[in-house]
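Hi,

Here is the structure for your files. My notes on helix packing and charged pairs follow below.

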Amino acid sequence: MKNKEKLLNIVIVFLSVAIVVTAFAVFNEYMSYKNMDVHTEEEFFINLSHQDYDTMVWYMYSNEASGVTPTRDMKNMYAVARYYEAAFLYKAYAENGDTTAAEEKKQIMDEQVSLMGEFSYAKADIDTLLGLVE
Amino acid sequence: MKCNSCGNNLHIEDAVCPHCGVPNPHYVQHRKDMARYKEDYRKVRGHVVGKSGFFAKWTVKITIVAVLLVVELTLIIMKNNAWNLAYNSSERQAKKNYEEYAELLDSYEATGNYSAFYVFYELKKLLFCEKYDSYDAVAEACRLHGTIRYDFAYIIQCESKENKISALEGLSRRISEFYSAIEPKENDKRGEYSEVHMRTMEQLKRDVEMILVTYGGISPEDAQNFSEMSEGNRRVALEEGLGLNEE
């Protein structure tokens, strides 16, 4: 009888530990879903260093939709992404004679340059990439 | 009872008669009987309490084990469905916040912020929420507008001709999907576009045509006819425009 009682106690302890572990796993799964569209400053920086500005655009909007509060550096990198996004279409509009739309994009580009902070070097890189260098 | 000696009243608990002092013969036997009854009672009580206590402890522990098992199984099921639960939670949020979300989508559409439109629509899981049906087609077109931009950006940055050529396959397919997405469908809800959405579709189409001219090297005339071309012809036109078919 005593052995059976001991066994029951062991089972109770084991199940209690299992519940804690599983509950933690459930929480992790749930949070990983919630955070899968959240991108870190480091991810932005990696994309910036690889001149993958288009991915930065997607990441920026993902963070905004997810309610992420950007750090100062992230805000600067958001400006780079917005500059790129506007510049891409600016060139298309300008070369196809849609001057009104081009002017709107140019205005966005000029606004974003002032917000790039220490990443303002990216402007020249983007201009070169898109063939906007005068 | 009566005293055998003096005949006065005698209590069984009296060791001697209180009247004549003669010892009560029944007292000793009574004490022995009471002691025996007490001992028997103690044994039986102990036995009953022991047994019932034992079963109570077992019952409690087995109940605890059963409850813990049920909780663990529930958690395992939840873990396997955590993403569905999170998804369903997003869907409920979408229904609850319809006015706020719709306002934001409308502002993105009005300002031509197509990538933001699509990303918000996608992240908030609005596709399967009936309330947002009127935005489905625009979201799909915005998605493809963004991926066409992404594809061209990749091709621009690509150094290897082989990689550019292999990227063209995806780009051609996405352009086909784009033209399919912006055409109103008669037999589904997208056949009833609002005026705002119609204008957005037109603008997206013009954007893609301009992107084809600027970044794809397509002539303006060909760009305007791009929607009529087959996927194969589009790919050929892009290869020529990007100079990828030169030796």
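K123(A) is partly exposed, because its relative accessibility is 30%. This is a predicted model, so please read all of the values as computed. The salt-bridge partner of K123(A) is D127(A), with the closest N and O atoms 2.7 Å apart. D127(A) is buried, at a relative accessible area of 9%. Both residues sit in helix α6 (residues 121–130) of chain A, four residues apart, or about one turn.

Chain A has another pair of this kind. E95(A) bridges to K91(A), with 4.0 Å between the closest N and O atoms. The two lie four residues apart in helix α4 (residues 72–95) of chain A. K91(A) counts as buried, at 13% relative accessibility.

Now chain B. Helix α6 (residues 161–182) has 22 residues and spans 31 Å from first to last C-alpha, close to the expected 32 Å. At its start, a side-chain oxygen of S160(B) comes to within 3.3 Å of the backbone nitrogen of E162(B). Its buried residues include L168(B), L171(B), I175(B) and F178(B). The buried residues of α6(B) pack against α5, α7, α8 and α9 of chain B.

E177(B) forms a salt bridge with R143(B), at 3.7 Å between the closest N and O atoms. E177(B) is in α6 and R143(B) in α5 of chain B, so the pair ties together parts 34 residues apart in sequence. E177(B) is partly exposed at 33%, and R143(B) is partly exposed at 22%.

Over all chains, there are 17 salt bridges. D54(A), E85(A) and R149(B) are linked in a network of them.

Best wishes

How values were computed. Residues are numbered from 1 along each chain as its sequence is written. Chains are lettered from A and ligands numbered from 1 in the order in which they are written. This is a predicted model: local features need pLDDT of at least 70, side-chain atom pairs count only at pLDDT 80 or more; totals for chains, interfaces and linings use all residues. Side-chain values use heavy atoms; hydrogens and water are left out. The expected span of a helix is 1.5 Å times one less than its number of residues. Buried means under 20% relative accessible area, exposed over 50%, partly exposed in between (1.4 Å probe, protein chains only). Contact means heavy atoms within 4.5 Å. A polar contact is a pair of N or O atoms within 3.5 Å; within protein, one must be able to donate a hydrogen and the other to accept it, and residues adjacent in sequence count only if both atoms are side-chain atoms. A salt bridge is a side-chain nitrogen of Lys or Arg within 4 Å of a carboxyl oxygen of Asp or Glu.
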